[in-house]
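Student: Please take me through one part of this model closely. I would like to follow a single chain and its contacts with the others. Keep it brisk.

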Protein chains: 4
Amino acid sequence: MAKKIGILTGGGDCPGLNSVIRAAVWKGIEEYGFEMVGIRRGWKGLTENLTTPLTLDNVTSIWNQGGTILNTSRTNPYKEENGVEKAKDTYKKLKLEGLIAIGGDDTLMVAYNFFKEGFNTVGVPKTIDNDVAATDYTFGFDTAINIAMETLDRLHTTAASHERVMVVELMGRHAGWITLEAGIAGGADIIIIPETPFEIDNIVKRLKKIREGGKNYAIVAVSEGAKISTVEDEDEDGSFVLKDLKKDAFGHVKLGGIGKVLADEIEDRTGYETRSVQLGHIQRGGPPTAFDRFLGTRFGLAAIDLVAEGKFGNMTALKGNQIVTVSLEKAAEKTRTVPDNLKALTGFFSPKI
Amino acid sequence: MAKKIGILTGGGDCPGLNSVIRAAVWKGIEEYGFEMVGIRRGWKGLTENLTTPLTLDNVTSIWNQGGTILNTSRTNPYKEENGVEKAKDTYKKLKLEGLIAIGGDDTLMVAYNFFKEGFNTVGVPKTIDNDVAATDYTFGFDTAINIAMETLDRLHTTAASHERVMVVELMGRHAGWITLEAGIAGGADIIIIPETPFEIDNIVKRLKKIREGGKNYAIVAVSEGAKISTVEDEDEDGSFVLKDLKKDAFGHVKLGGIGKVLADEIEDRTGYETRSVQLGHIQRGGPPTAFDRFLGTRFGLAAIDLVAEGKFGNMTALKGNQIVTVSLEKAAEKTRTVPDNLKALTGFFSPKI
Amino acid sequence: MAKKIGILTGGGDCPGLNSVIRAAVWKGIEEYGFEMVGIRRGWKGLTENLTTPLTLDNVTSIWNQGGTILNTSRTNPYKEENGVEKAKDTYKKLKLEGLIAIGGDDTLMVAYNFFKEGFNTVGVPKTIDNDVAATDYTFGFDTAINIAMETLDRLHTTAASHERVMVVELMGRHAGWITLEAGIAGGADIIIIPETPFEIDNIVKRLKKIREGGKNYAIVAVSEGAKISTVEDEDEDGSFVLKDLKKDAFGHVKLGGIGKVLADEIEDRTGYETRSVQLGHIQRGGPPTAFDRFLGTRFGLAAIDLVAEGKFGNMTALKGNQIVTVSLEKAAEKTRTVPDNLKALTGFFSPKI
Amino acid sequence: MAKKIGILTGGGDCPGLNSVIRAAVWKGIEEYGFEMVGIRRGWKGLTENLTTPLTLDNVTSIWNQGGTILNTSRTNPYKEENGVEKAKDTYKKLKLEGLIAIGGDDTLMVAYNFFKEGFNTVGVPKTIDNDVAATDYTFGFDTAINIAMETLDRLHTTAASHERVMVVELMGRHAGWITLEAGIAGGADIIIIPETPFEIDNIVKRLKKIREGGKNYAIVAVSEGAKISTVEDEDEDGSFVLKDLKKDAFGHVKLGGIGKVLADEIEDRTGYETRSVQLGHIQRGGPPTAFDRFLGTRFGLAAIDLVAEGKFGNMTALKGNQIVTVSLEKAAEKTRTVPDNLKALTGFFSPKI
């Protein structure tokens, strides 16, 4: 009888997930003779026994689809009452002999803990922010930066026509990769990322210098997680205090994303007409790029190979051009943030101040 | 000596403006032997004598560019101190013998008034909202609905993966054309436009029916100018009062666009995870569609013909497949809003309630 | 019992067909309570009784899909042995009470003849070439010109980098609409359409003038059906004979599309490096534009209304902004080709010779 | 006085070249105080002293442009009469103190030879085929596979509607990277690359099996340089001889690209309607992807650093995530072709035969 292998996707959706699923299912069935079963809604599906059969037929037409046909959730069975027991029960009831978990560090750490308790898990790393230390690239990131770049491209002509500053808020709570790469690619004049605290005065000075240099508009790309500060009125003792731009004079949090807050501040301080755009969920939707589809495919093939070879407790990773195997415990290792040599690019294509 | 003809663009920028400019300049120079001059920043440029030469060379490479190479502003000389005098002075100083004004009703009404005072103006209508009564279509609208539609397309997979309701706020203060056409094209389940007041309870009922019908996600497209109301707590006399959704229980305006407010309300009332996206300025940026480039080209050719034939005080318009001429006084005629037969499409592709 | 209504699609596929199907099915079921049934492979399916049920479920996810989920063929039952008898038999066996045929003039003329024999047919016009006289626009055309335009846009930078002439062959056997509109929109220097015979010498002269004017590359857009001729060696009596460029000195047909033949000829005669691209089937594939999806939707709704109202023997059409009804016998009326005023645009954006 | 540094681009154009130029010019001027000068038309420009100044202003707006603003050619001064002498003369006359050559192995080998003769050259590798052994990735490739993938995506619906086989010919004379990655990403059923000789019988068997399996269409991606053979009629001694498909029974070369020849052969042998598309020059035109713009930018920055540090005779390369330095003599090292483990993907997503 065919071995039965499960697949689940956890955490935020990401272009390329379906490429992983399609490849793993195809190779599982055609080359290894496995029976493939989808666990719906991430780990939640394992605790609640939500499954769907995965045949060649129902993965053939998903080659270009974003998202995940298996649905996803952020449920962590280790944080739910009896979650782990229920997950183990389902695993046994389904008679699984292997389980591929595709997800971010949360999802993969569950896979790792589950493995340590004797279950046959392998992992595929997924992070649209490209900040997993264990792999050079993950899928989803390339799609995100292309969508963000196309938006930046589009905004040049409208910004120039109105002689405006345009602030674009992009994804990235802790790592500035999307903003950095999309910003450079999309011709942003100023790029602001979480890794580098920015002072509003410096931004204003740069914007003035750009205009004085004869360019009548500017594009600013900013990560949602960027910290921008300002110098508060002198303290009584004469010292200065840096103040978070997102708080007003009374310490109340200003509403709107950092992009909106920054745009208001820029307009106030420069008198230049300034508008903001918050790209939001658009960055993770829709058809993946070729890079993400190909990498997802390679990860899917490698994951099912790990299952077939019994190399449980491991995850796939990309090193240079090669797919390699890494222990699942590396999944939670420290976040890969923008290193110093690339931080230098954030203000690169604008005049020195 | 060659006759000198000016061109200006006023109001919000719009994909297709450069197609008008390119065509008018090319035909003006090559066929009529005019000298063409750009007036920068709309009517402001005429009051302040801001000009730029327009040669074949500098319009050749703008065939695919959004925005306007002439810059734009919302300045109305009739509302500025001495604005009209200054505009007349510049017109005379430049020795213009004709002036093409491309813009919305404000810009065109200035052109009309200027014409009535004896100046040689012709107009080209521009409105990204497609709400000018005097013409079947204007350029810019087609680009806007395609950008909006592509965004809606993208959001289906992410909404489905997370089993979410996704609310997308699109342009349209008074007319719902963009939301209606992009919504139908982009597979939105519910479409909310300014022309039809919506009650939140009805939206909630529809969303529940969609989910009960087995579709685990929904897309809602809403115009920025849509009015959504809710039934307030009963009055003392037992009657109900409709309350604007954008105000809270204390009558304070809620922050965020209507999309954000609606998304919060939906999540509260249904328990479905709900997110919002506000497309904003992206809808008017970037390369125009073929429709907008071709229509802009035809308008530009027709406008310079009007100048050459001395038919001042008129504007170009599209009727069916034909370019026609309409008096500039029609420019301000009542806004073309979504008619009843098309309003019926707003809730068409969702279950009846 | 619910009335049973069939739908079929015939002829070449076209972006927007699925929008027609989706709208007609949705309204048929939800508003009129019909049972909807798909006839597969156009009229062939009616002769061979190939059907598929059409429910809300199986048209919900096709909002953005090109092609036709019903498949298509060019079969004409009036040209097949017993074709008409078999089609009639199927119609009766299926107990159809109405049939919507979506297709070009061939498909619609079958619908008309079928109607005259007492069957309840209505039509929806489809032609990617936009050459049906009875309607201002058909769906599919807008998608085709946008794909063609994006290709032309792309070729500018590669042509400029290599200082080449680039010839792009586009669809259009008898009507030059696609080449004209995409050519103008895509910044082509020279546009060659079937409606206007071109002499190769004139093209060469224009190309030389473009280069002498300082522009180091050129883009030529040519319809697949364009006729380009050359002056043959003098006859014995001194007169000149025009020779079809696609034939060599021995009267043999040269291989390759007109684009390839033209490119070779240009390189021979000018010495400019010249390359050709034949866009082919790409022009009709993939997601439709917003215009095509919205028009397809309106046509689908109008077609099912015609069925519900018993207005058989008619087809839908667009006049200005309105959907109107036209007799099916108009479907075969003379082709709408590019009129003289628009023919003038073919050489517009290149120097006079 | 500022040091004067030249830049040239040689060989076929490639999306990302302008990103290299923009980055090198910006850093050269802003950080090192160099005077930057463009050498036009590759090495030809150095032999003929064709130059153009490169200032911040004239590279600011090229952030999203394909091709190369410096023009390109395939001229090799070592193969031209007095070519090298003339190149040396120009170098001296211009008082260059460094020269960045961006190009394929030909261009880079000239740079290497020039360096060995005492000139200050550095290189940036460029190959749209991604087949340079010395670097993990080059720019241009990612754009090419995305354009090819989008074309494949588009063809699915038209192929399915007509129940056709669609053959798409993609770039790649010696290496199958573009066809492999775009083919996998674009859902091709069969992928044919130069690295693996294919026999037509196997292709036909696979196509039959796909149809028997219930999928009514197929997509075949084939590299322009693929070798497809067929078994010729038995020899007198009973042995079989493989025959190149591009030759007919008389040994004459069949006209048309391999895609066209293959499509004809498939239709002949299977009876399935089969069409071909040759993507051609479209694959290298237009705006680069984010990957190519970012990599081009990093290469440009690294190249000008090499100049500033006097590390001549070297080229930039990507290893994993890092930009590294490699001797120019490596540029001509053996082509990186598709390795065995990835060759296995060519027939992966179609049924085993």
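Tutor: A residue is called buried when 20 or more other C-beta atoms, placed from the backbone, lie within 10 Å of its own; it is exposed at 12 or fewer and partly exposed in between. Helices (H or I, at least four residues) and strands (E, at least two) are DSSP runs, numbered from the N terminus. By that count, strand S1 (residues 4-9) of chain B is mostly covered, with 5 of its 6 residues buried. S1(B) runs parallel to strand S2 (residues 35-39) of chain B, and 4 bridges join them. Strands pair if DSSP finds at least two bridges between them.

The model is predicted, so local features need pLDDT of at least 70 and side-chain atom pairs count only at pLDDT 80 or more, while totals for chains, interfaces and linings use all residues. Residues are numbered from 1 along each chain as its sequence is written, and chains are lettered from A and ligands numbered from 1 in the order in which they are written.

Now to chain D, starting with its sheet. Four strands form an open sheet there, in the order S7-S9-S6-S12, with parallel pairing. S7 and S12 of chain D are the edge strands; each has a single partner, so one side of each has no neighbour in the sheet. On average, neighbouring strands are turned by 15° against each other, direction ignored. Angles run from 0 to 180 degrees between N-to-C directions, and axes are lines fitted to C-alpha atoms, for helices over the stretch in contact.

Look at the pairing of S6(D) with S12(D). These two strands are parallel and share 5 bridges. Within that pairing, D:Met166 faces D:Arg275 of S12(D). H6(D) packs on the sheet and touches S6, S9 and S12 of chain D; its direction makes about 165° with that of S6(D). Contact here means that the C-beta atoms of two residues, placed from the backbone, lie within 7 Å. Helix H9 (residues 258-270) of chain D lies across S6, S9 and S12 of chain D and runs at about 175° to S12(D).

Next comes helix H7 (residues 177-185) of chain D. Of its 9 residues, 9 are buried. Among them are D:Trp177, D:Ile178, D:Leu180 and D:Glu181. What do the buried residues of H7(D) pack against? Within chain D, they meet H6, strand S6 (165-170), strand S7 (190-192), strand S9 (218-223) and helix H11 (340-343); from chain A, they meet helix H10 (290-308). D:Gly187 follows H7(D) and has a positive phi, near 70°.

D:Asn71 has a positive phi too, near 60°, though it is not a glycine. D:Asn71 sits in the loop between helix H3 (56-60) and helix H4 (83-93) of chain D. D:Asn71 counts as buried because 24 other C-beta atoms lie within 10 Å.

Now the surface that meets chain C. Chain D gives 28 residues to this contact, and chain C gives 28 residues. On the chain D side, helix H6 (141-162) and strand S12 (274-278) are the elements that give two or more residues. H6(D) gives the most, 9 residues. By class, this side of chain D has 6 nonpolar, 16 polar and 6 charged residues. Nonpolar covers Ala, Val, Leu, Ile, Met, Phe, Trp, Tyr, Cys and Pro; charged covers Asp, Glu, Lys and Arg; the others, Gly among them, are polar.

How do the two copies relate? The same surface serves both: 100% of the contact residues of chain D recur in chain C.

Helix H10 (residues 290-308) of chain B packs on helix H7 (residues 177-185) of chain C at about 85°, with their axes 8 Å apart. H10(B) and H7(C) are therefore roughly perpendicular. Angles of 65 to 115 degrees carry that label; under 35 is roughly parallel, over 145 roughly antiparallel, and the rest oblique.
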